[in-house]
Amino acid sequence: MQVRFHKMHGLGNDFVVIDARVTAPVEMTAARARALADRKTGVGCDQLILLEPSAVADARMRIFNADGSEVEACGNATRCVVSLLGGSARIETVAGLLEGRSAGDQVSVELGEPRFDWDAIPLAYAMDTRAMPVAWEDLEAPMAANVGNPHVVFFVPETDAVALDRLGPQIETDPLFPARINVNVATVDDRANIRLRVWERGVGLTDACGTGACATAVSAIRAGLVDSPVRVTLPGGPLTIDWAPGRPIIMTGPATHVFTAETDLSAFGADARG
Ligand SMILES: N[C@H](CCC[C@H](N)C(=O)O)C(=O)O
């Protein structure tokens with residue numbers, strides 16, 4: 001089955017976007033998503049994004065990590081889809097209805113309200129998500145937030161000094177996190193600036209993570225470490241996050257379209273029908 005796809009990215013966090021709203025339904029399995037995301041034998045991306053018709057929004061957005069896991073939210077991809085849909089769109093996701101609009105070369109997306117209760121992250125047992133009594137080597141006392149997807153956030157003196165390639169996978173798959181977890185390691189430079197590196201659930205180290213920037217910013221605001229809006233600078237560049245308790249998160253940043261191409265989907269993983 002020939003399908004058209006768009007290669008896009010948000011600060012280097014890259015996506016293959018298949019718009020199946022006007023084509024025949026596209027069967028997406030974990031195996032097919034993994035095959036498409038593979039940077040050696042597939043098209044190559046951090047997440048595979050599938051757009052489907054929606055009864056309540058301009059599109060329903062499904063998100064598949066490079067390991068094939070389907071997940072609830074993806075901030076950078078949401079900005080890319082808003083841009084792809086003409087710069088103003090309502091998008092239905094597992095995590096809820098998201099609104100986005102472009103302004104110049106930036107796209108702002110409203111991501112709903114964060115949740116902080118241990119069982120909303122989720123964690124395997126009750127604990128205070130403002131200073132969790134856990135540690136992995138010298139990464140200790142993290143915070144946690146669910147911004148549609150689950151995040152743990154470590155604030156450290158120097159994020160670039162952390163062996164995140166080694167500690168990320170250990171934390172991601174720790175039994176404390178029944179749904180696994182995105183791992184954020186952040187340094188607060190001043191009340192308006194945070195630097196952040198992310199080990200993403202189901203992907204690994206990425207150039208940027210929109211939901212990671214949101215989870216980190218709301219955790220820092222909640223702890224009184226920064227003001228709002230705050231600039232979160234990732235290896236791929238900066239995002240601006242605006243939030244206050246009782247309000248939805250607003251994330252603003254770029255969305256880049258690289259190219260559009262076609263591929264034969266039957267070359268990637270078997271249909272669920274085998
Ligand atoms: N790896 C994340 C999904 C993508 C998040 C990131 N790409 C973003 O921009 O939010 C998860 O499993 O929840």
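1. A nonpolar core is a set of buried Ala, Val, Leu, Ile, Met, Phe, Trp, Tyr and Cys residues joined through C-beta atoms within 7 Å. Buried means that 20 or more other C-beta atoms lie within 10 Å of a residue's own, with C-beta atoms placed from the backbone.

2. A word on the model before we go in: it is predicted, with local features needing pLDDT of at least 70 and side-chain atom pairs counting only at pLDDT 80 or more, while totals for chains, interfaces and linings use all residues. Residues are numbered from 1 along each chain as its sequence is written.

3. The largest nonpolar core here has 82 residues, and Val17, Ile49, Val81, Ala213, Cys214, Ala217 and Ile241 have the most contacts inside it. Helix H4 (residues 210-222) gives the most to this core, 7 residues; helices are DSSP runs of H or I, at least four residues, numbered from the N terminus. At least three core residues come from each of domain 1 (2-110 + 255-267) and domain 2 (118-247), with bounds from an automatic or database domain assignment.

4. Now look at Gly75, in helix H2 (residues 75-84). It counts as buried because it has 28 C-beta neighbours inside 10 Å. Leaving out residues up to four places away in sequence, Gly75 touches Val109, Leu111, Gly210, Thr211, Ala213, Cys214 and Met251; touching means C-beta atoms, placed from the backbone, within 7 Å.

5. Asn76 is also found in helix H2. Asn76 counts as buried because it has 35 C-beta neighbours inside 10 Å.

6. An unreviewed UniProt entry annotates a "binding site" that includes Gly75, Asn76, Gly210 and Thr211; such annotations may be inferred rather than shown by experiment.

How values were computed
Buried ≥ 20, exposed ≤ 12 C-beta atoms within 10 Å, placed from the backbone. Helix = DSSP H or I, 4+ residues; strand = E, 2+ residues; numbered from the N terminus. Contact = placed C-beta atoms within 7 Å.
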